[in-house]
Amino acid sequence: MNYFETFKQLHQNPTPFLLGNTWDVKSAQLFEANGYKAIGISSQALSNALGYEDGENLPFEILLQLTKRVVEVVRIPFSVDMEGGYSRTINGIIENINKLHDAGVVGVNLEDTIPAAARRLQPITEFQKTLSAVAGHISRNNLKLFLNIRTDGFLLGMPTALTETLTRIKSYEDCGADGIFVPCITNRNDIAAVVKATSLPVNVMCMPNLPGFDELRTLGVKRISMGPFLFNKVYENAGKLANAVSNDKNFSSIL
């Protein structure tokens, strides 16, 4: 199997696969060396690592440049979080998807919110048009690309998050999505309801109170992301070490 077929198959196994979320080439290599079956860029981790706020503030060309380098050195499937598509037009989103596909990625995340200081859900009919156009382009051109659609009702803390999510994922499935990503969902009953509502593989993300991997398997989840949490922990620990070197006035803490 090629990388795309391998990545697609990972979403069909009885046990959910754990996606290693990267922010540079070294972190991508680290996940590969530790036996991860696939990796994907965390937009927040990458943006923060380079001094940008999350929400498409990182220039797309930097994202593309990193993508090309990761594909050159890593030998496992690689997916990219492209947030809202780095464009507010359908043609612009498709152009960016073509660039990422040509760089060698096997999947993209596309979200139904507008990345901005005040993130907001796009009207469902508006996002349906975008998704249908993107999925149609991928199909017509036989692009080997897994289209993972993120819906953000839970991320936004909406009181009607479950109802909104169930409505949207059915629509997104009909529009040609390959997978559904619901970040910040943690309640077991909510997860079960989402899985039941779609035939597509469901992706959840590391959060406090997220059930353990074995329970996620029994709930029917197929993909588990770590988001920016490993990145945050790495730099939290790096800060402690930097402080120790300064306070101890020696390098014993990092040797």
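Reply: Happy to. One term before the helix pair: axes are lines fitted to C-alpha atoms, for helices over the stretch in contact, and angles run from 0 to 180 degrees between N-to-C directions. Keep in mind that this is a predicted model.

Me: Got it. So at what angle do the axes of H4 and H5 cross?

Reply: The axes of helix H4 (residues 60–73) and helix H5 (residues 90–103) cross at roughly 20 degrees and come within 9 Å. Angles under 35 degrees count as roughly parallel, so H4 is roughly parallel to H5.

Me: And is that crossing of H4 and H5 left-handed or right-handed?

Reply: The H4 and H5 crossing is right-handed.

Me: Which residues meet there?

Reply: From H4 there are Phe60, Glu61, Leu64, Thr67, Lys68 and Val71, and they meet Asn96, Lys99, Leu100 and Ala103 of H5.

Me: Switching topic: which residues of H1 are buried?

Reply: In helix H1 (residues 3–10), the buried ones are Phe4, Phe7 and Leu10. They fall within an arc of 125 degrees when you look down the axis of H1, so they line one face of the helix.

Me: Why would residues spaced like that point the same way?

Reply: An α-helix has 3.6 residues a turn, so residues three or four places apart point the same way.

Me: Nice. What do the buried residues of H1 pack against?

Reply: Strands: E1 (17–22), E3 (78–81), E4 (107–111), E7 (146–150) and E10 (223–225).

Me: What caps the N-terminal end of H1?

Reply: Asn2 does, with a side-chain oxygen 3.1 Å from the backbone nitrogen of Phe4.

Me: Back to the strands. Where is Ser79, and is Ser79 buried or exposed?

Reply: Ser79 is in strand E3 and is buried, with a relative accessible area of 3%. Its side chain reaches the backbone oxygen of Gly107 at 3.0 Å. Setting aside neighbours within four places in sequence, Ser79 has contacts that include Phe7, Ile41, Val108 and Arg223.

Me: Phe7 again, from the buried set in H1! Last one: what about Asp112, buried or exposed?

Reply: Buried, at a relative accessible area of 0% for Asp112, which lies in the loop between E4 and strand E5 (113–114).

Me: What does the side chain of Asp112 make a polar contact with?

Reply: The side chain of Thr151, at 2.7 Å from that of Asp112. Not counting residues up to four places away in sequence, Asp112 also touches several others, among them Arg120, Arg150, Arg168 and Tyr172.

Conventions: Residues numbered from 1 in each chain as written. Predicted model: local features only at pLDDT ≥ 70, side-chain atom pairs only at ≥ 80, totals over all residues. Heavy atoms only, no water. Buried < 20%, exposed > 50% of the residue type's maximum accessible area, 1.4 Å probe, protein only. Helix = DSSP H or I, 4+ residues; strand = E, 2+ residues; numbered from the N terminus. Arc of directions from axis to C-beta. Contact = heavy atoms within 4.5 Å. Polar contact = N/O pair within 3.5 Å; in protein donor to acceptor, adjacent residues only side chain to side chain. Parallel < 35°, antiparallel > 145°, perpendicular 65-115°, else oblique. Left-handed = near helix turned anticlockwise from the far one by under 90°.
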